[in-house]
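The following account leads through a structure with two chains, beginning with the overall form of one and ending where both meet. Please keep the sequence and the model in view while reading.

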Amino acid sequence: MLGVGETPLSVADVYASVSDVPSAGGIALFVGVVRNEDEGRGVTELGYSAHPTVETSLREVVEKAISQYPIQAISAVHRIGDLKIGEIAVIVAVACPKRGEAFDACRQVIDQIKDTVPIWKRQRFTDGDSEWVGAEG
Amino acid sequence: MATVTIHYWAAAKDAAGMAEESVNAETLADALDLARGRRAGNQSFAAVLSRSSFLVNGIQAGHNAAESVILPDAADIEVLPAFAGG
């Protein structure tokens with residue numbers, strides 16, 4: 001599975017998409033969830049939006065990992081739209097022959113999604129204020 | 001001198017106060033200077049711009065060396081604020 005969309009994400013669906021691979025002995029799963037605070041301020045909601053090239057960019061991150069690790073199966077999905085506390089924003093699942101490479105590849109993919117995939121996040125605080133995360137440094 | 005359109009995304013759109021505008025410029029650096037000049041004193045806009053990346057006609061122009069990016073006429077510049085996925 002690879003994609004960005006407004007539909008709620010399912011850990012079970014993503015896990016199923018990488019788990020039926022006889023050559024994989026380790027599956028690393030990262031789940032990013034909306035948290036109730038940021039730097040000491042209470043957060044009520046996050047609004048994610050993305051540039052039209054987002055899926056191309058996500059695919060590049062995944063293909064780079066495939067070229068560097070013995071990946072047997074991989075999924076990376078990111079949600080956009082308005083998400084409440086506890087909702088899943090992103091899931092990365094990587095199946096490799098062994099656990100070390102599965103952890104490393106999964107870590108690389110989620111880190112590069114944060115750094116290079118054109119997704120933006122606006123967070124609304126409990127005091128009614130809101131801001132774009134990271135936009136002004 | 002090319003007439004180009006600057007498109008602002010996300011935080012850049014909010015800070016600019018608009019989704020797009022037209023400027024006459026030779027290079028990407030000139031276009032961005034003109035956009036900043038139109039908003040003298042708007043520190044939020046300058047801060048967002050300083051952390052943005054840019055597309056010119058859909059091609060990444062990198063974070064630096066905007067002086068060396070020559071703009072074709074009718075080019076579309078896209079201002080992409082710092083990414084915050086995950």
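**Architecture of the two chains**

Of the 137 residues in chain A, 34% count as buried, a residue being buried if 20 or more other C-beta atoms, placed from the backbone, lie within 10 Å of its own, exposed if 12 or fewer, and partly exposed in between. The model is predicted, so local features need pLDDT of at least 70 and side-chain atom pairs count only at pLDDT 80 or more, whereas totals for chains, interfaces and linings use all residues. Residues are numbered from 1 along each chain as its sequence is written, while chains are lettered from A and ligands numbered from 1 in the order in which they are written.

Chain A contains 3 helices and 9 strands; helices (H or I, at least four residues) and strands (E, at least two) are DSSP runs, numbered from the N terminus. Their order from the N terminus is β-α-β-β-β-α-β-β-β-α-β-β. Chain A has a radius of gyration of 16 Å, close to the 14 Å that the globule rule gives for 137 residues, so it is as compact as a globular protein of that length. The radius is taken over C-alpha atoms, and the rule is 2.2 Å times the number of residues to the power 0.38. Among contacts in chain A with a separation of 6 or more, 74% are accounted for by residues 24 or more positions apart; two residues are in contact if their C-beta atoms, placed from the backbone, lie within 7 Å.

In chain A, 4 strands form an open sheet of mixed pairing, in the order β1-β5-β7-β2. Two strands pair if DSSP finds at least two bridges between them. The edge strands, β1 (2–5) and β2 (26–33) of chain A, each pair on one side only. Strands β2(A) and β7(A) run antiparallel and are joined by 8 bridges; F30(A) has V92(A) in β7(A) as its bridge partner. Helix α1 (residues 11–19) of chain A packs on this sheet, touching β2, β5 (73–79) and β7 of chain A, and its direction makes about 20 degrees with that of β7(A). Axes here are lines fitted to C-alpha atoms, for helices over the stretch in contact, with angles running from 0 to 180 degrees between N-to-C directions.

Chain B has an open sheet of 5 strands, again with mixed pairing, in the order β2-β1-β5-β3-β4. At its edges stand β2 (20–25) and β4 (59–60) of chain B, each with a single partner strand, so one side of each is left without a neighbour in the sheet. Strand β1 (residues 2–8) of chain B pairs with β2(B) in the antiparallel sense over 6 bridges, and V4(B) has V23(B) as its bridge partner in β2(B). The buried residues of α2(B) are L28(B), D30(B), A31(B), L32(B) and A35(B); they pack against β1, β2, α3, β3 and β5 of chain B.

How do the chains meet? In all, 14 residues of chain B are in contact with 22 residues of chain A. Helix α3(B) gives the most to the side of chain B that touches chain A, with 3 residues. That side divides into 10 nonpolar, 3 polar and 1 charged residues, where Ala, Val, Leu, Ile, Met, Phe, Trp, Tyr, Cys and Pro count as nonpolar, Asp, Glu, Lys and Arg as charged, and the others, Gly among them, as polar.
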